[in-house]
Amino acid sequence: MATLPPAAPALPLDELLPRVRACTLCAPFLPLGPRPVFQAGAGARILIASQAPGRKVHASGVPFDDASGERLRDWLQLPSEVFYDARRVAIVPMGFCYPGKTASGDAPPRPECAPTWRAPLLARMPDIALTVAVGQYAIGWHLPGSRGRPLAETVRTSAAADRRVIALPHPSPRNNGWLKHNPWFEAEWLPTVRERVARALAGGG
């Protein structure tokens, strides 16, 4: 197991970002080498907490630059110029680099990222009004009480108006079966998600 570096010093965000982008902590475990892909801004109102970059995103260096991203932007009703505006939207995955493949799909995010860089980044974005947790790894981090519960139940209960975290299934085409068997998600839940996103961007909670 890799040895974790010391906790990030108390640097302002603009000085911390280049350190994160230069990280090579997990290099021995990454099949394509390190390339942290994320987006963060001190004034961001929305945090998209995702899983880890896929191969296409690793190649481009742009978060959600793939079919999953197209679906996610549609779900949230966020045009690209808003989605990729770090002053408004932060995109901070559980793992910042492409972790490789397993027999069933992409490997889990590397565990070193979250304690080493993710927590310090989030601490420097105090204006986050709404977190959109995408997929099981991000949901487990931001809604720890959901672990072991069915995804559908977690997504439904995160609709409560007082929740600052809402849960979404991963928008990957691999989840088409789940979406087909849960038609309420698009018919009933997405309008609520879009309203919460718009309110957060406008300065509400």
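What is the volume of the largest cavity? The largest cavity has a volume of about 110 Å³.

The model is predicted: local features need pLDDT of at least 70, side-chain atom pairs count only at pLDDT 80 or more, and totals for chains, interfaces and linings use all residues. Residues are numbered from 1 along each chain as its sequence is written, and side-chain values use heavy atoms, with hydrogens and water left out.

**View 1. The largest cavity and its lining.**
A search of the whole structure finds one cavity of 30 Å³ or more. A cavity is a set of points, on a 1 Å grid over the protein atoms alone, where a 1.4 Å probe fits but cannot get out. Grid points are joined across faces, edges and corners, and a volume is the space filled by probe spheres set on the points. The cavity is lined by 14 residues. Lining residues have an atom within 4 Å of a point. C23, C26, P36, C97 and C113 lie nearest the centre. Twelve of the lining residues are nonpolar, one is polar and one is charged. Ala, Val, Leu, Ile, Met, Phe, Trp, Tyr, Cys and Pro count as nonpolar; Asp, Glu, Lys and Arg count as charged; the others, Gly among them, count as polar.

**View 2. The largest pocket.**
Its volume is about 1000 Å³. A pocket is an open set of points with protein on both sides within 12 Å along at least five of seven lines. The lining has 42 residues, and Q51, G135, Q136, Y137 and H170 lie nearest the centre. Elements giving two or more residues to this lining are α2 (55-60), α3 (67-76), β4 (105-106), α6 (136-142) and α7 (151-157). Helices (H or I, at least four residues) and strands (E, at least two) are DSSP runs, numbered from the N terminus. Helix α6 gives the most, with five residues. By class, the lining holds 19 nonpolar, 15 polar and eight charged residues.

**View 3. Helix α3 and its buried face.**
S68, G69, L72, R73, W75 and L76 of α3 are buried. Seen down the helix axis, these buried residues fall within an arc of 160°, so they line one face of α3. The arc is that of the directions from the helix axis to the C-beta atoms. Buried means under 20% relative accessible area, exposed over 50%, and partly exposed in between (1.4 Å probe, protein chains only). An α-helix has 3.6 residues a turn, so residues three or four places apart point the same way. The buried residues of α3 pack against β1 (46-49), α4 (80-83), β5 (130-134), β6 (165-168), α8 (176-181) and α9 (184-201).

Q77 is a residue other than glycine. Its place is the loop between α3 and α4. Q77 is partly exposed, at 48% relative accessibility.

**View 4. F64, in the loop between α2 and α3.**
F64 is not a glycine, yet has a positive phi of about 55°. F64 is buried, with a relative accessible area of 9%.

**View 5. V197 in helix α9.**
V197 is buried, at 1% relative accessibility. Leaving aside neighbours within four places in sequence, V197 is in contact (heavy atoms within 4.5 Å) with I46, L76, L78 and L130. V197 and R19 are 178 residues apart in sequence and 30 Å apart in space, C-alpha to C-alpha.

**View 6. L143 and S146 in the loop between α6 and α7.**
L143 is buried, at 12% relative accessibility. Leaving aside neighbours within four places in sequence, L143 contacts T154, S158, R163, V165 and A167. S146 is buried too, with a relative accessible area of 7%. With neighbours within four places again left aside, S146 contacts I139, G140 and T154.

**View 7. S172, in the loop between β6 and α8.**
S172 counts as buried at 14% relative accessibility. Beyond its neighbours within four places in sequence, S172 is in contact with S68 and R71.
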